[in-house]
Amino acid sequence: MSQEKPVAISVKGVEKVYKLYDRSSDRVREALGLTKKARHKKHYALKGVDMEICQGECVGIIGTNGSGKSTILKIITGVLNPSGGEVVVNGRISALLELGAGFNMEYNGIENIYLNGMMIGFSEKEIDEKLQDILDFADIGEYVYQPVRTYSSGMFVRLAFAVAINIDPEILIVDEALSVGDVFFQAKCYHKFEEFKEMGKTIVFVSHDLSSISKYCDRVVLLNKGEKLGEGSPKEMIDVYKQVLVGQYEIPDHAERDNLLQDEEIREKAADSVQGKKKKEQAPEQGVNPELLEYGSKKARIAEYSLTDGNGTRTTAVIKGQDYVVRMRVSFEEDCPAPIFAFTVKNSKGTEITGTNTMVERAFLEPVKAGEVKEITFTQRMNLQGGEYLLSLGVTGYEGNDFTVYHRLYDVLNMTVISDKDTVGFYDPESEIKVTEGKEKQKKRIIPYRGIG
């Protein structure tokens, strides 16, 4: 975070506490002062959260359900008041939180545009200037003159999104709102989002879509059970979040949490606490990442791994259009009911591009006994665009209804794709193109109708 840029949002020691009662009567008795003993339990939706977001930054907030992501956004936008701490916002906010909140169902679309615009703080003249942009973006035609209670759910969210996104804010707050409507409208939403980013607007973005977080965000804040677990680059925070999801990340104490992933010594200590130390080999093999992230219960262990070309030669460079093979050798320390072997390919920004596993492919669904060793190979054609990629490997499984990670190696191998032809996007569609001479369209001969007789 650059210290030279002015601060757009400052959050210091913010808490949000809710009182939980076992019975409704307890709430009434406590409110009327009929009991000396507290009848409630305190639930901290947020507990001592600090963050600073500078002007022009795009900051993502991630975490499991119930971690406080939406709560912190509502406090920043003024929808909720904090129980403690301080929030300072410098700039006009447009929030994509609960789309359509504040709409009057009896008003038509035009009336609701003016109603919502004025609630945000715009004058009638300012809304007049934005009205055509909003109508064009929503693209619901003549329905805009009908009461919104007659709208389909798709039309409703299109209008609500159009109002929120086309008001010209200095700060944009987005909570899982970019995936509304059909695929064409979603593409329009993301295009608008990219426009805001290019214009240097401040953006706070909450999403479970980790590829979007990785693609758009400069920095990511990770929340867990109402507390800030850490902040850093999208790739670092996403890797930690994945450990949290499978219950294999031990939350550090408060002193460590404040500097999580900012200091190498703390990074190693946190990783060791979940049996996932960083690999530090004196002379690492070419292409192997000495700073890979490793964790798991170790009931099964990835003992060896390699990337080879179609001829079986170990390599770190694959030519586009040729076959390549991901290999791993897994040893089992304990019985595993049905292990799943997987690999994924990420780009340098941490976005998962592709991957598969033996369960999806229905290639292996058998129990394995302790002491057994399995050799796994994934063979596929290289269709990725030229560039640098990272390969991750994993052995997981289900024990009863519980998903378990036995061993994961994130970003273990570097893979360079060599290409002399790059198309648009991540993959080459391998189109077969034909250009032929077009035939001139023959004119139809029109025979006049002469009637009968």
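Met415 touches Leu307, Thr316, Val318, Tyr324, Val345, Met382, Leu384, Gly387, Glu388 and Tyr389, leaving aside residues up to four places away in sequence. The model is a predicted one. Met415 sits in strand S18. Its relative accessible area is 0%, so Met415 is buried. Lys346 is 69 residues from Met415 along the chain, yet their C-alpha atoms are separated by 9.8 Å.

Strand S18 spans residues 402-418 and also holds Thr404. Thr404 has 15% relative accessibility. The cut-off for buried is under 20%, so Thr404 counts as buried too. Its contacts, apart from neighbours within four places in sequence, are Ser297, Thr396, Gly397 and Glu399.

Now the nonpolar cores. In soluble globular proteins, nonpolar side chains tend to be buried together. Here the largest nonpolar core has 48 residues. Ile62, Leu159, Leu172, Phe193 and Phe205 have the most contacts inside it. Helix H5, residues 153-166, gives the largest share of this core, with 10 residues.

Next comes a helix pair. Two packed helices are described by the angle between their axes and the distance between the axes. Helix H3 covers residues 109-120, and helix H4 covers residues 124-138. Their axes come within 10 Å and cross at roughly 130 degrees. H3 and H4 are therefore oblique to each other. The crossing is right-handed. On the H3 side, the contact is made by Ile110, Ile113, Tyr114, Gly117 and Met118. H4 contributes Glu124, Ile127, Asp128, Leu131, Ile134 and Leu135. By class, the contact has 8 nonpolar residues, 1 polar and 2 charged.

The backbone has points to check as well. Most residues other than glycine have a negative phi. Which way does phi go at Asp139, positive or negative? It is positive, near 55 degrees. Asp139 lies in the loop between H4 and H5. With a relative accessible area of 52%, Asp139 is exposed.

Arg362 has a positive phi too, near 55 degrees, and is a residue other than glycine. It is found in the loop between strand S15 (352-357) and strand S16 (373-381). Is Arg362 buried or exposed? At 70% relative accessibility, Arg362 counts as exposed.

Key: Residues numbered from 1 in each chain as written. Predicted model: local features only at pLDDT ≥ 70, side-chain atom pairs only at ≥ 80, totals over all residues. Heavy atoms only, no water. Core = buried A, V, L, I, M, F, W, Y, C linked by side-chain atoms within 4.5 Å. Buried < 20%, exposed > 50% of the residue type's maximum accessible area, 1.4 Å probe, protein only. Helix = DSSP H or I, 4+ residues; strand = E, 2+ residues; numbered from the N terminus. Axes fitted to C-alpha atoms, helices over the stretch in contact; angles between N-to-C directions. Parallel < 35°, antiparallel > 145°, perpendicular 65-115°, else oblique. Left-handed = near helix turned anticlockwise from the far one by under 90°. Contact = heavy atoms within 4.5 Å. Nonpolar A, V, L, I, M, F, W, Y, C, P; charged D, E, K, R; others polar.
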